[in-house]
Amino acid sequence: MRIDGDGLKFNGDTAAANALDDYEEGTFQPTPSISGATGSISFKSAADTLSYTKIGDLVHIQGYLQIDTNTVNGGRLNLGNLPFTSVDSAEASGFSLFTCQLSSGSGSQASGFFTSIGEGLTLLQIQTYTGVGTSNDSAVTMVANSFLFIQGQYKVA
Amino acid sequence: MAITKTIEEDKIEIVGKHKNIQIRMATVIKEDGVELTRSFQRKTLECITSSHDGSSWTHTDTDISGESTEVQAIANAVWTDEIKAAKRTANETALS
């Protein structure tokens, strides 16, 4: 094991790309926005923060958000202000998928959500998963007082 | 014995082809000037925000009036018209 200007390297490896070069933990407040419809969603101030841990170029985020108000007539919920920008990599290899579940919501979400972060973004998109694809109508199910549980990882730029 | 709490921007980074600004804020607790704890909260700023109401796109320049003078200076320097145009195009592809 060695430590040099690239970071921590294991098992005699000298490649800079394989060095562990960062660790950080903290919190952030995601910013809600709606795509595909009008209206807005807000979070309760006591449940509007998620935590993150960054290890090397991988960021794990987790936590839950509680809906305060919802005035949308459709569309999907986006969460902006992620703590780091996602990587923009070859052939969409930086694309990442998250786990997201709703508790105390309204309507049917039998197949759950398709929650993803595209490349080069600081925004997470929550779409309805139809079982074979996606649709942009997730936001209507997130009624006031419902909880949105989120966790997952993404690679950063 | 004096306990103090300060919040400072201790890291500002410009990341990616659209010049996203990543800001790390440190909450520092000190006792008689000696640091006891340091915790972090992050936020990121993109040059524009984009929304689609189901039929058309709206792109809005990010409001940085509430940011520190340092962050405002960085944003004004790196968020050129070319960067904003590229970000609009990218968002319409990535967020449709």
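The legends below describe several close-up views of a predicted model.

Residues are numbered from 1 along each chain as its sequence is written, while chains are lettered from A and ligands numbered from 1 in the order in which they are written. Because the model is predicted, local features need pLDDT of at least 70 and side-chain atom pairs count only at pLDDT 80 or more, whereas totals for chains, interfaces and linings use all residues; side-chain values use heavy atoms, with hydrogens and water left out.

**View 1. The fold of chain B.** Two helices and five strands make up the secondary structure of chain B, where helices (H or I, at least four residues) and strands (E, at least two) are DSSP runs numbered from the N terminus. Along the sequence these elements follow the pattern β-β-β-β-β-α-α. The radius of gyration of chain B, 18 Å, is well over the 12 Å that the globule rule gives for 96 residues, so chain B is more spread out than a compact globule; this radius is taken over C-alpha atoms, and the rule is 2.2 Å times the number of residues to the power 0.38. Taken along the principal axes, the box filled by the C-alpha atoms of chain B is roughly 60 × 30 × 20 Å. Of the 96 residues in chain B, 35% are buried, a word that here means under 20% relative accessible area, with exposed meaning over 50% and partly exposed in between (1.4 Å probe, protein chains only).

**View 2. Where chain B meets chain A.** The contact (heavy atoms within 4.5 Å) takes 21 residues from chain B and 26 residues from chain A. Between them the two chains bury about 1800 Å², of which 41% is on carbon and sulfur atoms; buried area is the accessible area (1.4 Å probe) that two parts lose on being put together, summed over both. Arg42(B), Thr44(B) and Leu95(B) supply 32% of the area that chain B buries against chain A, more than any other three residues.

**View 3. Asn81(A) in its loop.** Asn81(A) is placed in the loop between strand S8 (76–80) and strand S9 (96–103) of chain A. Its phi is near 65 degrees, a positive value in a residue other than glycine, and Asn81(A) is buried, with a relative accessible area of 15%.

**View 4. Asn145(A) in its loop.** The loop that holds Asn145(A) runs between strand S12 (134–135) and strand S13 (147–155) of chain A. Phi of Asn145(A) is near 80 degrees, a positive value in a residue other than glycine, and at 43% relative accessibility Asn145(A) counts as partly exposed.
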